[in-house]
Amino acid sequence: MTSLFQNYARRSVHLVKGRGTIVTDDKGKDYLDFTSGIAVVSLGHAHHALVEVVKRQSEKLWHVSNLFESPEQELLAAKLTEDTPFSHAFFCNSGAEANEAAIKLARKHTKKNVIITFEQSFHGRTFGAMSATGQVKVREGFGPLLESFRIIPYNDAQQLEAAIDGDVAAIMLEVIQGEGGVNQIDPDFAQLLTDLCKSKGILLIIDEVQTGIGRTGTRYAYEQTVLEPDIITLAKGLGGGFPIGAMLGSSELFQSFGPGTHGTTFGGNPLAVAVAQTVVDIVFKKKFLLEVEDKSNYLIEKLQASLSKDQYSIRGAGLLLGIECRDEVQSFIQQAETAGLLLVQAGANVIRMLPPLTVTYEEIDQAVDILATVLLAEKVAVT
Ligand SMILES: *Cc1c(COP(=O)(O)O)cnc(C)c1O
């Protein structure tokens with residue numbers, strides 16, 4: 001019997017503690033956590049600086065309403081927007097909420113309704129974010145969705161041009177579709193998108209909920225492209241495991257989110273903001289980001305050396321990598337778990353690797369050894 005709604009397909013492991021990349025279950029078994037709670041625990045489990053800041057802030061103040069001023073939110077906003085096209089931030093509690101804010105702001109600012117999004121995208125589970133999401137399995141069974149999302153194939157130039165008319169407020173996309181299979185934006189498509197947004201006055205919203213905060217080796221994934229977003233959304237890695245979301249926007253949007261237009265009780269909570277400030281201070285250091293890039297290259301090389309190239313294709317950036325297999329990967333992920341390596345799927349055929357950004361080279365070696373052993377035994381890709 002369970003007292004929980006069965007809306008998650010939970011694995012039968014009960015994790016009770018963690019340190020760095022290692023998590024331990026209730027029977028004392030250790031695992032290498034290459035899920036990071038789905039790109040959340042960016043600095044690993046129980047990072048000393050985050051533990052300290054939670055302790056310190058929890059003794060000072062837990063909650064302040066957004067009725068009052070917040071120099072702490074101001075400081076976090078400044079850290080996130082420094083040296084970017086963005087000038088302002090709105091804080092919330094999750095990725096879906098950040099995307100809701102972006103959808104509302106884009107509609108209000110442009111006074112238009114249509115938002116173009118992409119097949120295989122994932123933007124969250126609330127009605128707006130679900131309506132934006134290009135996956136039937138997410139949308140099915142919930143009745144009429146929010147109108148005026150135009151969902152078109154990703155990286156399809158012709159369809160993009162055909163979808164644009166005078167009603168389009170914004171285009172919203174992930175630079176790497178995380179849930180949808182670790183699909184990367186094509187450079188040519190990114191150039192076309194940038195040109196169209198500029199020439200037609202369309203806002204560009206980039207959902208960096210999964211790719212942001214160092215996950216792909218730069219502060220934000222769009223920095224590795226020609227894309228010039230007006231809005232980005234953040235969540236997962238921003239709090240290192242503490243719930244927080246954010247929307248960053250350019251200065252021209254400032255007037256459209258005036259008093260009373262939008263809000264949330266918990267958004268920008270002092271505990272969440274204190275933790276996020278610490279995460280950003282650590283992750284946005286050049287040396288840290290270069291190391292993410294270096295570990296990524298090391299992991300890709302190890303994978304390529306251990307797996308035969310014609311059977312697997314590896315894609316993604318930074319420490320958001322996907323291994324596309326020919327067969328479904330669910331049973332493989334189960335086997336890897338038994339062997340002490342936690343992984344997550346992206347679509348039916350893709351194994352996603354999302355270690356903490358603080359993963360060590362030795363842990364990468366160990367993970368790839370487990371992966372290669374299990375893949376060979378399971379013959380996942382052999383058809
Ligand atoms: C996880 C995710 C979301 C939803 O975030 P929640 O915090 O679960 O609401 C939105 N967009 C992307 C790209 C995500 O990966």
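**Pocket, ligand and strands**

Tutor: The second largest pocket holds about 960 Å³ of space. Its lining counts 34 residues, and those closest to the centre are Gln73, Ala89, Phe90, Phe91 and Phe257. Please keep in mind throughout that this is a predicted model.

Student: Which elements each supply at least two residues of that lining?

Tutor: Those are α3 (71–81), β4 (88–92) and β12, and the largest share, five residues, is contributed by α3.

Student: And how many residues of the lining are nonpolar, polar or charged?

Tutor: The lining of the second largest pocket has 18 polar residues and 14 nonpolar ones, with two charged residues besides.

Student: What lies 2.6 Å from an oxygen atom of the ligand?

Tutor: That is a polar side-chain atom of Lys236. Backbone atoms take part as well: an N or O atom of the Ala96 backbone lies 2.8 Å from an oxygen atom of the ligand, while a polar backbone atom of Phe122 is 3.2 Å from a ligand nitrogen.

Student: OK, strands now. Which way do the residues of β11 point, and are they buried or exposed?

Tutor: Strand β11 covers residues 231–234, with Ile231 and Thr233 pointing one way and Ile232 and Leu234 the other, and all of them are buried.

Student: In what sense does β11 pair with β10, parallel or antiparallel?

Tutor: The pairing with β10 (residues 203–207) is parallel and spans three bridges, and within it Ile205 stands opposite Ile231 of β11. With β12 (residues 245–249), by contrast, β11 runs antiparallel, joined by four bridges, and there Thr233 stands opposite Met247.

Student: What holds strands like these together in general?

Tutor: Strands of a sheet pair through backbone hydrogen bonds, and they may do so in either the parallel or the antiparallel sense.

Student: There is another sheet with β1 in it. In what order do its strands come?

Tutor: The order is β1-β2-β3-β15, four strands in an open sheet whose pairing is mixed. The edges are taken by β1 and β15 (341–342), each of which has a single partner strand, so one side of each is left without a neighbour in the sheet.

Student: How many bridges join β1 to β2?

Tutor: Four bridges join β1 (residues 15–19) to β2 (residues 22–25), and the two run antiparallel, with Lys17 standing opposite Thr24. The two strands form a hairpin with two residues between them, and Gly20 in the turn has a positive phi of about 60 degrees. On to the next partner, β2 pairs with β3 (residues 30–33) in the antiparallel sense over three bridges, where Val23 stands opposite Tyr31.

Student: Why does Ile38 count as partly exposed?

Tutor: Its relative accessibility is 31%, and the partly exposed class runs between the 20% under which a residue is buried and the 50% over which it is exposed. Val182 is buried, because its relative accessible area is 0%.

Student: Last topic, the loop between α3 and β4. Is Asp83 there buried or exposed?

Tutor: Asp83, which is found in that loop, counts as exposed at 72% relative accessibility. Thr84 is found in the loop between α3 and β4 too, yet Thr84 is buried, with a relative accessible area of 17%.

Student: What lies 3.0 Å from the Thr84 side chain?

Tutor: The backbone nitrogen of Phe86 lies 3.0 Å from a polar atom of that side chain.

Student: And how far apart are Asp83 and Gln366?

Tutor: From C-alpha to C-alpha they are 38 Å apart in space, and in sequence they are 283 residues apart.

Notes. Residues numbered from 1 in each chain as written. Predicted model: local features only at pLDDT ≥ 70, side-chain atom pairs only at ≥ 80, totals over all residues. Heavy atoms only, no water. Buried < 20%, exposed > 50% of the residue type's maximum accessible area, 1.4 Å probe, protein only. Pairing = 2+ DSSP bridges. 1 Å grid on protein atoms, 1.4 Å probe; cavity = no way out; pocket = protein on both sides within 12 Å on 5 of 7 lines; lining within 4 Å. Points joined across faces, edges and corners; volume = space filled by probe spheres on them. Nonpolar A, V, L, I, M, F, W, Y, C, P; charged D, E, K, R; others polar. Polar contact = N/O pair within 3.5 Å; in protein donor to acceptor, adjacent residues only side chain to side chain.
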